[in-house]
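Please look over the chain shown below, with its sequence and its model side by side.

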Amino acid sequence: MSAKIQVTDDISKKIAWKKEKKLRLTSRDITGYLFTAPLLIGIFGFAIYPMVGALILSFKKSASSYEGEWVGLQNYKYVLTDTNFWESLCNTFYMGFLSVVLGVAISFILASLIYNIPSMKIQNFFKGVYFLPNVVSLVAASILFKFLFDPGEAGLLNYLLGAIGIEPIGWFTDPKFSRFSIVLMTLWGMLGYNTIIFFAALTSVPRDLYEAAEVDGANWLKKWVYITVPYLKPTIMFMVIISTINAMKRFTDVWLIGGTAGNPAGTLMTAVLYIYRNAFLSSQMGIATAASYILFTIILVLTLLLLYFNKKSSLE
């Protein structure tokens with residue numbers, strides 16, 4: 001009996017010694033913390049602190065980033081009852097939905113087509129061609145598309161349409177076409193990056209699956225639908241989530257094309273542009289930060305929903 005007690009005491013001492021050792025900092029631990037300190041300071045100073053400060057500011061009536069009268073939820077109430085905010089959110093969802101669906105689908109198809117080219121040199125050529133727009137800055141791309149989509153006959157696209165007897169279209173000046181024109185510009189910029197990601201994912205699909213399908217008499221379409229698409233489902237979902245987050249934060253292109261008013265007729269007014277207007281044009285920092293947190297919540301909910309549906313479909 002005493003031997004069992006002795007063994008139990010020894011085990012307890014060992015466990016206590018291990019816990020004490022874990023709490024004790026060694027020279028290696030200190031070195032590791034010193035190496036990570038710049039990153040941790042940067043995260044705290046440029047991410048955590050501004051987020052906490054913005055949250056506090058969203059409960060104040062303030063024209064600056066520091067002082068203001070505490071108004072509670074009044075800023076959130078103002079934003080949620082402001083028709084301009086809901087119109088900007090509708091514009092954001094409309095352009096975002098088209099950008100995500102078309103961007104992911106077209107880039108996946110392009111990556112599949114490039115992957116099936118037998119020549120490696122031709123593959124590299126197409127990868128370079130499609131990735132090239134990703135190198136161009138958004139400012140330069142906006143200037144380029146202003147020329148391409150010029151509402152008069154001076155615009156290259158309208159010139160080509162005029163050659164076949166179609167009247168000039170106000171791509172960026174007509175409310176019926178402005179949002180879709182922004183989507184086209186977005187697709188031009190995002191296809192290259194998405195295509196490269198999908199191409200890299202395609203190289204991970206085992207060739208044995210395609211060979212087995214060929215033995216069973218499957219054609220290229222069946223192999224693509226029943227092998228390629230299911231195997232790349234995690235990559236597709238990753239691209240959908242990333243594209244959705246980027247689409248909800250749309251600002252630079254609509255600001256360069258439509259200005260701070262989101263012209264024409266407010267069709268290019270996005271949620272982030274709404275925040276910008278309130279913060280820097282109307283000097284209503286409290287309302288701007290409240291709108292920022294509402295947008296953050298919407299993006300978070302969308303991301304969680306996408307992850308939930310992805311997990312649910314993978315279990316079925």
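## The loop between helix 12 and helix 13

Ala265 lies in the loop between helix 12 and helix 13, where helices (H or I, at least four residues) are DSSP runs numbered from the N terminus, as are strands (E, at least two). This is a predicted model, in which local features need pLDDT of at least 70 and side-chain atom pairs count only at pLDDT 80 or more, while totals for chains, interfaces and linings use all residues. Residues are numbered from 1 along each chain as its sequence is written, and side-chain values use heavy atoms, with hydrogens and water left out.

The phi angle of Ala265 is near 55°, a positive value in a residue other than glycine. Ala265 is exposed, with a relative accessible area of 67%; here exposed means over 50% relative accessible area, buried under 20%, and partly exposed in between, for a 1.4 Å probe and protein chains only. Pro264 is found in the loop between helix 12 and helix 13, and the peptide bond that joins Asn263 and Pro264 is cis, with omega at about 10°. Most residues other than glycine have a negative phi, and most peptide bonds are trans.

Thr270 also has its place in the loop between helix 12 (252-258) and helix 13 (271-281). Is Thr270 buried or exposed? Thr270 is buried, with a relative accessible area of 0%. Leaving aside residues up to four places away in sequence, Thr270 touches Ser88, Thr92, Met95, Arg250 and Val254, where contact means heavy atoms within 4.5 Å.

Ser283 is found in the loop between helix 13 and helix 14 (285-315). The phi of Ser283 is near 55°, a positive value in a residue other than glycine, and at 37% relative accessibility Ser283 counts as partly exposed.

## The chain as a whole

The secondary structure of the chain comes to 14 helices and two strands. The radius of gyration of the chain is 27 Å, well over the 20 Å that the globule rule gives for 316 residues, so the chain is more spread out than a compact globule. This radius is taken over C-alpha atoms, and the globule rule is 2.2 Å times the number of residues to the power 0.38.

Taken along the principal axes, the C-alpha atoms fill a box of roughly 105 × 75 × 40 Å. Of the 316 residues, 33% count as buried. Among the contacts in the chain with a separation of 6 or more, 64% are between residues 24 or more positions apart.

## Helix 10 and its two partners

The axes of helix 9 (residues 207-215) and helix 10 are 10 Å apart, at an angle of about 160°. That makes helix 9 roughly antiparallel to helix 10, since angles over 145 degrees count as roughly antiparallel, under 35 as roughly parallel, 65 to 115 as roughly perpendicular and the rest as oblique. Axes are lines fitted to C-alpha atoms, for helices over the stretch in contact, and angles run from 0 to 180 degrees between N-to-C directions. Leu209, Tyr210, Ala213 and Glu214 in helix 9 meet Lys223, Ile227, Thr228 and Tyr231 in helix 10.

The axes of helix 4 (residues 83-115) and helix 10 (residues 220-231) come within 13 Å and cross at roughly 110°, which makes helix 4 roughly perpendicular to helix 10. Here Phe108, Ile109 and Ser112 in helix 4 meet Trp224, Thr228 and Val229 in helix 10.
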